[in-house]
Each structure stands twice: as structure tokens, then as C-alpha cells.
Amino acid sequence: MSKPKIAIVVGSTRAARFADAPTQWIAKIAKSHDDIDVEIVDLRDWPLPFFDEVASSAWAPSQNEVAQRWQRKVAEFDGFIFTAAEYNHAPTGVLKNAIDYAANEWNKKPAGFIGYGSVGGARAVEQLRLIAVELQMAPVKSAVHIAWGDYLAVRQGDKKLEDIEHLNQAAAALVNDVAWWAKVLKAARAADAIAGEAQAA
């Protein structure tokens, strides 16, 4: 079986976003694992309109061409790590919109989160965990929460994320969890597919 493919989804598209720092940092850590393949997926590259389909793609095919391409892209992956900026105690609208534009493509795959903001993006991450469960994902316990002091130190150039040991430890645990669940669930989905083909024969 091929190695699981993990997407690091950049959950903000603002010109002044902070997301690039945690994205590049976690990508470097994840790419040090020889048991997974890693790709950065930047929502700037996916200009999805505000959700305007007749129904979720779980129930009706999406008509928007970008949405169709986005669903195919999501389907490529076996697990996800999302960067989660916190806006008004919630995840970004652009990330929620992108999540809503796929459905079955998320199913039975792990989700991990890197939150940042006044309480380390904890409230945004908690909401994303609930959304992940609804999509039949497996949100992992380990997470990275870049609290306000660390956020400001990195934002102002006083430190880099890799200089902050407690964040490095959290990131290592997060990647380990996502990689483990990605391997387990990839094998389980493959077994389900084989069983389905046998029943159809």
C-alpha cells in the first residue's frame, strides 16, 4: 500500500495572514516523516464562491467547476492538518466554506489542527472538531495552540516557531497522531472497498 498523503490546509487567505509561518513550520516537521507524503494546500489557490449549490455534494453533484476540482483535490488525501486562525471565537469563513464544498471526500480520514490567536485558537479548533465529526472524520486529540504571547513574538520577528520548544513538542505529537490514524484508516477504507467489490461481483 502506498504511503498516506497528508494535506496541510492553509485556512486563511488574507494578504496580511499569519498562516504562512505555522504552515511552513509544520510542513517541515511532517516532511521529516518517511512514512507519509505531505502537500500544502493553500485556499488562495481555490477561489470558491460562497456556497451556492442546490445541496451538499453528499446529496447532489456540485455545478461549480472550481468546487468539482476542489472535491477531487480533497479526495487525493488520506489525512489533513488545518491551520486555524480564530476570528470572533470561530474559524475563518473561507475555511468553513471550503470544508462545506466537499462531503464524502472527507469521510474516514484524520484531521489535526494548528490554532492561533488570543487563546491559541482553541475556540476555533473546538468548532472545527465538531464539524469534522459531522463529516465522519477522525479529529485527533493532539493539537498545536499558538497562544497570544508566542504569536506576537513570532509576528514581531523576535522568535521563530521552531525556537519555541513547547510548540515543537505539540507539533511532533500532532504529526505523529495524524500519520498513525492516516495509515490505519487508509487500510480500513481499502478493506471496505475490497469487500464492496466482492459483494457487487
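The buried residues of helix H1 (20–31) are covered by elements that include S1, S2, S3, S4, S6 and H6. Here buried means under 20% relative accessible area, exposed means over 50%, and partly exposed lies in between, with a 1.4 Å probe and protein chains only; contact means heavy atoms within 4.5 Å. Helices (H or I, at least four residues) and strands (E, at least two) are DSSP runs, numbered from the N terminus. The model is predicted: local features need pLDDT of at least 70, side-chain atom pairs count only at pLDDT 80 or more, and totals for chains, interfaces and linings use all residues. Residues are numbered from 1 along each chain as its sequence is written, and side-chain values use heavy atoms, with hydrogens and water left out.

**Helix H1**

- The buried residues of H1 are Pro 22, Thr 23, Trp 25, Ile 26, Ala 27, Ile 29 and Ala 30.
- An α-helix has 3.6 residues a turn, so residues three or four places apart point the same way.
- H1 has 12 residues and spans 16 Å from its first C-alpha to its last, close to the 16 Å expected at 1.5 Å a residue; the expected span is 1.5 Å times one less than the number of residues.

**Strand S1 and its partners**

- Strand S1 (5–10) is largely enclosed by the rest of the structure, because 5 of its 6 residues are buried.
- S1 pairs in the parallel sense with strand S2 (residues 37–42) over 6 bridges; two strands pair if DSSP finds at least two bridges between them.
- Within this pairing, Ile 8 stands opposite Ile 40 in S2.
- S1 and S3 also run parallel and are joined by 4 bridges, and the bridge partner of Ala 7 in S3 is Phe 80.
- Together, S1, H1 and S2 make a right-handed β-α-β unit. A crossover is right-handed if, with the strands pointing away from the viewer, the path from the first strand over the helix to the second runs clockwise.

**Nonpolar cores**

- The largest nonpolar core has 31 residues, and those with the most contacts inside it are Ile 26, Ile 81, Val 144, Ile 146 and Leu 174. A nonpolar core is a set of buried Ala, Val, Leu, Ile, Met, Phe, Trp, Tyr and Cys residues joined through side-chain atoms within 4.5 Å.
- Elements that each supply at least two residues of this core include S1, H1, strand S3 (79–85) and helix H6 (165–200).
- H6 provides the largest share of this core, 8 residues.
- Leu 174 touches residues that include Ile 26, Ile 81, Phe 113, Val 140 and Val 144, not counting those up to four places away in sequence.
- A second, separate core of 28 residues includes Phe 77, Phe 80, Ala 111 and Leu 135.

**Salt bridges and charged residues**

- The structure holds 15 salt bridges, each being a side-chain nitrogen of Lys or Arg within 4 Å of a carboxyl oxygen of Asp or Glu.
- The side chains of Arg 17 and Asp 42 form one of them, at 2.7 Å from N to O. Because Arg 17 lies in the loop between S1 and H1 and Asp 42 lies in strand S2, the pair ties together parts that are 25 residues apart in sequence. Both Arg 17 and Asp 42 are buried.
- Asp 78 forms a salt bridge with Arg 189, with the closest N and O atoms 2.6 Å apart. This pair links distant parts of the chain, 111 residues apart: Asp 78 is in the loop between helix H2 (65–75) and S3, and Arg 189 is in helix H6. Both Asp 78 and Arg 189 are buried.
- Salt bridges that share partners join Lys 5, Glu 39, Lys 73 and Glu 76 into one network. Glu 76 is partly exposed at 38% relative accessible area, whereas Lys 73 is buried at 15%.
- Lys 186, in helix H6, counts as buried at 16% relative accessibility. Leaving aside neighbours within four places in sequence, Lys 186 is in contact with Met 1, Ser 2, Lys 3, Pro 4 and Asp 78.

**Loop residues with positive phi**

- Asn 88 has a positive phi of about 55 degrees although it is not a glycine. Asn 88 is placed in the loop between S3 and helix H3 (93–100) and is exposed, with a relative accessible area of 78%.
- Lys 108, also not a glycine, has a positive phi of about 60 degrees. Lys 108 lies in the loop between H3 and S4 and is partly exposed, at 41% relative accessible area.
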